[in-house]
Protein chains: 2
Amino acid sequence: METAQRLLATQRQIPADAETVSHQLMLRAGLIRQLASGVYTWLPTGLKVLRNIEQIVREEMDAAKAQEILMPGVQPAELWEETGRWDQFGPELLRFSDRHDRGFCLGPTHEEVITDLVRSEIRSYKQLPAIFYQIQTKFRDEIRPRFGVMRSREFIMKDAYSFHLDEKSLQETYEVMYQTYEKIFDRLGLEYRAVVADSGNIGGDTSHEFHVLAESGEDQIVFTNNGNFAANMEMVATQMPSAQRPSPEASIEKVSTPGKHSISEVSTFFSVSEDKTLKTLIVHGEKDSLVGIVLRGDHELNRVKAERLDKVRSPLKFASAEIISKELKCDVGSIGPVKLNIPVYADYSTSVMSDFICGANENGFHYKGVNWGRDLPEPDFVDLRNISQGEPSPGDNGPVKIARGIEVGHIFQLGTKYSESMKVSCLDENGKSITLIMGCYGIGISRIVAAAIEQNHDDRGIVWPKSIAPYDLAIVPINMHKSKRLYDSVMELYQQAKAAGFDVLLDNRKERPGVMFADMELLGIPHRIVLSDKALDAGTVEYKGRSDAESRDLPRDDILAFIRDRNDPD
Amino acid sequence: METAQRLLATQRQIPADAETVSHQLMLRAGLIRQLASGVYTWLPTGLKVLRNIEQIVREEMDAAKAQEILMPGVQPAELWEETGRWDQFGPELLRFSDRHDRGFCLGPTHEEVITDLVRSEIRSYKQLPAIFYQIQTKFRDEIRPRFGVMRSREFIMKDAYSFHLDEKSLQETYEVMYQTYEKIFDRLGLEYRAVVADSGNIGGDTSHEFHVLAESGEDQIVFTNNGNFAANMEMVATQMPSAQRPSPEASIEKVSTPGKHSISEVSTFFSVSEDKTLKTLIVHGEKDSLVGIVLRGDHELNRVKAERLDKVRSPLKFASAEIISKELKCDVGSIGPVKLNIPVYADYSTSVMSDFICGANENGFHYKGVNWGRDLPEPDFVDLRNISQGEPSPGDNGPVKIARGIEVGHIFQLGTKYSESMKVSCLDENGKSITLIMGCYGIGISRIVAAAIEQNHDDRGIVWPKSIAPYDLAIVPINMHKSKRLYDSVMELYQQAKAAGFDVLLDNRKERPGVMFADMELLGIPHRIVLSDKALDAGTVEYKGRSDAESRDLPRDDILAFIRDRNDPD
């Protein structure tokens with residue numbers, strides 16, 4: 001491909017409205033353009049990356065004997081009413097009526113459609129197990145789309161669904177899909193982790209998420225060095241400490257703490273570490289009630305754990321400063337569990353605290369020397385917090401590490417949630433009717449583009465893994481339009497490279513070298529070959545790998561073999 | 001691929017609600033399933049055909065230096081308001097609001113989106129001409145979807161748009177696209193014709209349609225043997241006859257014609273050929289007016305020509321029997337131009353008729369011996385009819401032939417319709433701002449699947465052109481599960497065929513041979529190889545091409561070379 005014939009659409013300026021590196025680089029490298037909030041056009045370079053990812057996913061799904069189909073984007077309301085999701089799904093489900101006033105939605109997922117298909121097409125156990133997948137455009141009407149294609153409204157998913165006669169078959173296919181996902185993310189050249197996950201609203205029991213590791217990731221993932229434990233932070237249980245609570249040594253005392261609100265301010269004021277303080281959060285409970293959530297000062301709340309508590313409203317909602325002030329007669333920064341007249345849950349870790357510090361429920365005052373049982377009743381001790389780096393892992397796998405990840409894949413054991421409500425059964429070997437068991441398996445194709453960039457970039461631009469790079473190599477001639485023999489040499493190398501199977505971008509614009517170099521680095525092309533009259537005299541080219549610190553001169557005749565070896569060292 | 005792992009979903013029964021052969025066969029061969037009216041899921045076999053077509057289209061568009069992009073399916077109302085099409089487009093444009101009450105539509109076409117993209121991305125004449133294309137799912141809310149994917153609501157299009165500084169550049173690209181379309185339809189293995197077409201609502205001047213020839217086609221196309229003339233029937237002008245009108249010989253006479261309404265009945269009653277009679281149609285004009293349309297009895301009305309007449313309402317609407325009876329005091333079958341008190345247009349061909357027969361505007365009566373100028377005023381003679389088989393073609397290219405076609409491609413010279421309303425300009429070499437000139441180029445990818453079947457089928461099923469067949473060849477073993485050595489031989493051939501690059505379907509179901517043969521013929525696979533223990537002894541296989549009358553025994557070792565030669569005789 002020649003740049004002169006191509007809409008490169010590169011930009012020097014960092015786009016003002018793009019918050020994340022991947023969003024900025026996708027705009028600057030000309031991969032996408034926004035059409036409407038959360039709705040993007042894929043430009044030529046971006047589409048190539050997307051297609052490379054699609055192709056790897058397709059090949060591995062086919063190898064796993066999944067059957068590719070293509071379901072409609074527009075789905076009839078009736079199917080969603082059968083499973084009850086027409087009412088359950090929030091405003092993310094974009095609903096509309098056609099010209100005959102029949103209800104439809106833009107499909108954000110396809111459990112209903114595939115289950116309906118299988119209900120009419122699969123009659124016999126001989127056709128099972130069956131895995132169907134599609135690579136397709138979906139729509140979720142996100143309230144606040146952001147980060148470009150990372151959280152867009154229109155996006156491309158690979159979604160797959162499996163159907164089984166029994167649990168054992170589901171387990172086998174689930175394992176095959178898990179391994180298929182590993183192959184896919186290995187081939188994509190991404191650093192990732194599979195973690196045990198919450199199965200959320202999709203329903204079902206077991207599930208794993210696949211996260212691309214990146215500092216900017218929205219999720220925290222917890223794992224151990226021995227590889228035997230990895231889970232989404234949401235899912236990592238912490239235990240009731242086995243230690244004895246130390247006996248109280250101090251008396252409770254109310255201290256004036258003017259202007260001290262945060263845990264950091266309070267612990268500094270009292271000259272203690274944060275783990276000697278309590279943090280009290282106020283959330284909404286059932287109906288108009290409020291609930292207190294008490295954590296050790298240095299710990300983080302785990303929202304999913306809080307949402308699971310009986311008295312706490314789900315989804316979790318923090319009480320506003322106004323409500324707290326009105327109901328509890330003090331500001332947020334002065335709340336504490338002593339004489340707090342609402343239900344209180346306290347994290348396990350606080351059960352072994354003595355002589356602690358907490359808000360006095362009076363503006364500008366804290367208590368010190370507080371003790372459970374003596375100064376306030378023993379609360380309900382429950383698991384409420386995120387595990388911290390270095391704590392022992394569940395199951396004795398050593399201390400945990402915590403990393404940030406971007407969720408790009410999710411596999412679920414759905415069970416019979418959809419097959420029961422939609423009445424999908426088939427006859428087994430003995431002619432007995434069996435309700436089918438389902439699994440489902442998603443990969444966010446368009447999101448992977450952004451996640452790959454979050455993980456692989458530097459201050460000059462994108463650094464694509466070679467399997468998904470839009471081009472394998474860039475040929476950049478210097479002043480080609482002034483030298484016929486350079487032109488001939490460049491075109492010869494260009495044809496040779498294409499014939500050798502490389503996807504080549506020839507920068508034949510009449511631009512200054514600096515502009516061309518900057519664009520090729522911004523685009524993240526793995527290999528760059530610079531040709532000039534001078535190099536031609538020496539029989540060399542100037543080569544630079546995208547992550548190399550320096551360029552180097554290499555013999556012109558060996559350059560393609562050199563690149564091939566570098567791509568495939570074995 | 002092995003059938004036992006595949007959702008073949010073949011059916012013996014002809015589906016009751018499928019009117020056309022292609023719709024019936026697409027259901028029976030398990031290519032598609034309906035999810036909602038005009039909305040289909042593509043099953044594994046159907047998707048393979050769709051992808052084969054996509055790939056040919058993609059390769060040829062790439063070869064023509066068109067740049068592939070992917071625009072969103074969901075489009076914001078504002079863009080459509082800029083071009084005025086938000087109001088002009090009928091209810092086929094599915095409009096809806098998102099959760100923030102902003103207006104959107106499901107894109108039936110992408111002129112607005114691409115023009116908006118080019119408006120912000122193309123700055124300089126150096127980037128022109130540029131052709132962008134996408135292969136994408138579109139939605140048109142057809143009032144009456146029918147014929148399966150032939151006229152569905154959700155469908156897959158290749159749409160391309162080109163941008164130019166001047167007319168000459170547009171002409172050049174238009175010519176390249178015309179040739180690209182010829183290459184595409186040649187490679188698809190379809191019999192087709194490119195014809196001059198009406199550019200309709202898309203706007204612009206010149207356009208050509210590409211039609212797949214099939215008896216069931218909705219369009220009539222007109223062409224000559226010398227290849228120099230081909231047009232959609234809508235576009236073929238007929239001329240005012242140069243002959244002199246014969247002088248009247250008979251007097252006008254009112255004849256009782258009880259129960260004779262149609263031209264056929266009337267001409268039989270009078271024992272004359274139909275070309276001695278006049279046919280009078282009543283259509284709606286402006287406001288509440290009616291207009292008479294007079295044709296020679298044996299001629300067909302051309303709706304597009306009628307719609308272009310000043311006094312005739314567009315789109316054309318025939319007056320109902322009730323309205324005719326009320327306003328003209330007689331039934332449809334007795335209408336004629338004599339003393340008809342509404343404006344009358346008569347086709348050119350009627351200008352040379354004398355002593356003709358027509359309705360008397362009185363139930364049960366016709367006139368004979370009628371003559372223009374004497375018995376009724378000379379009407380406006382205009383071009384109103386379809387040309388007939390064998391008439392001289394426009395431009396002296398010999399007699400015309402008429403065939404039926406299915407429109408699968410359409411190329412337009414759009415001019416500045418969109419670039420003017422959306423203010424898309426760029427600087428030319430001299431720094432002068434130029435409003436861009438556009439072309440657009442569509443191919444109905446999903447419709448081609450149906451059109452290919454309409455053209456290529458027999459009473460046993462589909463007969464795919466080899467380039468788009470879902471599989472190259474089928475291997476059908478007889479009683480393989482009873483013979484280990486047959487199994488080994490079959491698997492060896494299967495592996496050899498795959499290694500030789502064939503896409504193979506191995507029918508390893510435990511079905512009777514008749515069932516397997518019927519399925520493979522229904523699926524339309526170009527080559528079938530049957531293996532049995534008996535043939536194994538003889539060192540042969542039984543081979544049958546899909547269109548062959550008989551199967552034949554061929555040496556086992558030569559079969560793949562034989563098929564390769566048959567596919568590529570050169």
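B:Ala346 stands opposite B:Phe381 in β19(B). This is a predicted model, in which local features need pLDDT of at least 70, side-chain atom pairs count only at pLDDT 80 or more, and totals for chains, interfaces and linings use all residues. Residues are numbered from 1 along each chain as its sequence is written, chains are lettered from A and ligands numbered from 1 in the order in which they are written, and side-chain values use heavy atoms, with hydrogens and water left out.

**The sheet in chain B**

Strand β16 of chain B spans residues 344-347. It runs parallel to β19(B), and three bridges join the pair. Strands here are DSSP runs (E, at least two residues), numbered from the N terminus. Two strands pair if DSSP finds at least two bridges between them. Both strands belong to an open sheet of four strands in chain B, ordered β14-β15-β16-β19, with mixed pairing. Its edges are β14 (278-284) and β19 (380-382), each of which pairs on one side only. From one strand to the next, the twist averages 30°. Axes for such angles are lines fitted to C-alpha atoms, and angles run from 0 to 180 degrees between N-to-C directions.

**Domains of chain A**

The domain bounds come from an automatic or database domain assignment.

| Domain of chain A | Residues |
|---|---|
| domain 1 | 33-190 + 415-454 |
| domain 2 | 253-382 |
| domain 3 | 471-567 |

Taken over C-alpha atoms, the centres of domain 1 and domain 3 of chain A are 42 Å apart.

**How the two chains are related**

Chain A superposes on chain B by a rotation of 180° with 0.0 Å of shift along its axis, at an RMSD of 0.1 Å. The two copies are therefore related as by a two-fold rotation axis. In chain A, A:Phe96 has the C-alpha nearest the axis, 3.0 Å from it. The superposition is by least squares on the C-alpha atoms of residues with pLDDT of at least 70 in both copies.

**The interface**

Contact means heavy atoms within 4.5 Å. By that rule, 57 residues of chain A touch 57 residues of chain B. The copies meet through the same surface, because 100% of the interface residues of chain A are also interface residues in chain B.

About 4600 Å² is buried between chain A and chain B, and carbon and sulfur atoms give 59% of that area. In chain A, A:Leu35, A:Leu70 and A:Arg99 lose the most area to chain B, together 16% of what that side buries. Buried area is the accessible area (1.4 Å probe) that two parts lose on being put together, summed over both.

Eight salt bridges are counted between chain A and chain B. Each needs a side-chain nitrogen of Lys or Arg within 4 Å of a carboxyl oxygen of Asp or Glu. A:Arg99 forms a salt bridge with B:Glu92, with the closest N and O atoms 3.2 Å apart.
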